[in-house]
Amino acid sequence: MARSGLTAFLRLLRGKASIAHDNARELHGGTSSRDLKRLRIRTLTTSLDLATLEEDIKLYNRRRWRDREPVFYLDYTAWFKERDKEEGRKPFKPVNLNAQERKVQRRLARELVEFDAEYREVLSTVASLGASLDSRRVQRVAIWVSVVSVVVALVTLWATQESPPDLVAVSCSFLRTLGWGLC
């Protein structure tokens, strides 16, 4: 029962991983930083460490109690074997279901570990791109704040002069020095 339960659990995890992959593909380019933060919290703080899952499965399957484990085989009945022999079919080899389950568990664990590594890599790339975009937005806001500050400082300087100069003439001379002869 434990072996079947473990296989069912691994299949469930693999199904959830496929759903996460499909959702990420659908949401590509349309997620906000809040969605990304939620995804990061959900993925990176998971209580199940998939990086060690493959090794845990190997350790579980190597335990000493396996020699006392009931072994189940998938085999044909004697009647089916006789019929296959009469019809000239190749005899069916019995399948050790325990060994088959172990093989499935190893494959699923390997797939989950690979998926987890890829998913975390993509997530970290998206996070760094998101941080880059956020810093760029902050940079734009800072530039606008500095431009407004310069304008306010110039207006304050102009207003505090005893005899304020002609703003149009000063602006035109400044623009001429920049080579923008607009006036």
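Predicted model: local features only at pLDDT ≥ 70, side-chain atom pairs only at ≥ 80, totals over all residues.
Me: Which helix holds Val-155?
Reply: Helices are DSSP runs of H or I with at least four residues, strands are runs of E with at least two, and numbering starts at the N terminus. The place of Val-155 is in α5.

Me: What accessible area does the nonpolar patch with Val-155 have?
Reply: A nonpolar patch joins Val, Leu, Ile, Met, Phe, Trp or Tyr side chains within 5 Å, each residue having over 30% relative accessible area and no salt bridge. Here Val-155 is grouped with Ile-143, Trp-144, Val-147 and Val-151 on the surface. Together their accessible area (Shrake-Rupley, 1.4 Å probe) is about 490 Å².

Me: In what order do the elements of the protein run?
Reply: The protein has six helices and two strands. From the N terminus on, the order is α-α-α-β-α-β-α-α.

Me: What share of the protein's residues is buried?
Reply: The protein has 183 residues. Those that count as buried make up 16%.

Me: What is the volume of the second largest pocket?
Reply: A pocket is an open set of points on a 1 Å grid, where a 1.4 Å probe fits, with protein on both sides within 12 Å along at least five of seven lines. Its volume is the space filled by probe spheres set on those points. For the second largest pocket that comes to about 350 Å³. Eleven residues line this pocket (an atom within 4 Å of a point), and the closest to its centre are Leu-154, Trp-158, Leu-167, Val-170 and Ser-171. The volume asked for is about 350 Å³.

Me: Which helix gives the most to that lining?
Reply: The lining holds nine nonpolar, two polar and no charged residues. Both α5 (97-159) and α6 (167-177) supply at least two residues. The most, five residues, come from α5.

Me: How far apart are the closest N and O atoms of Lys-81 and Asp-75?
Reply: The two form a salt bridge (a Lys or Arg side-chain nitrogen within 4 Å of an Asp or Glu carboxyl oxygen). Lys-81 is partly exposed at 39%, and Asp-75 is too at 33%. The atoms are 3.0 Å apart.

Methods. Residues numbered from 1 in each chain as written. Heavy atoms only, no water. Nonpolar A, V, L, I, M, F, W, Y, C, P; charged D, E, K, R; others polar. Patch = residues over 30% accessible without salt bridge, like charges linked within 9 Å, V, L, I, M, F, W, Y side chains within 5 Å. Buried < 20%, exposed > 50% of the residue type's maximum accessible area, 1.4 Å probe, protein only.
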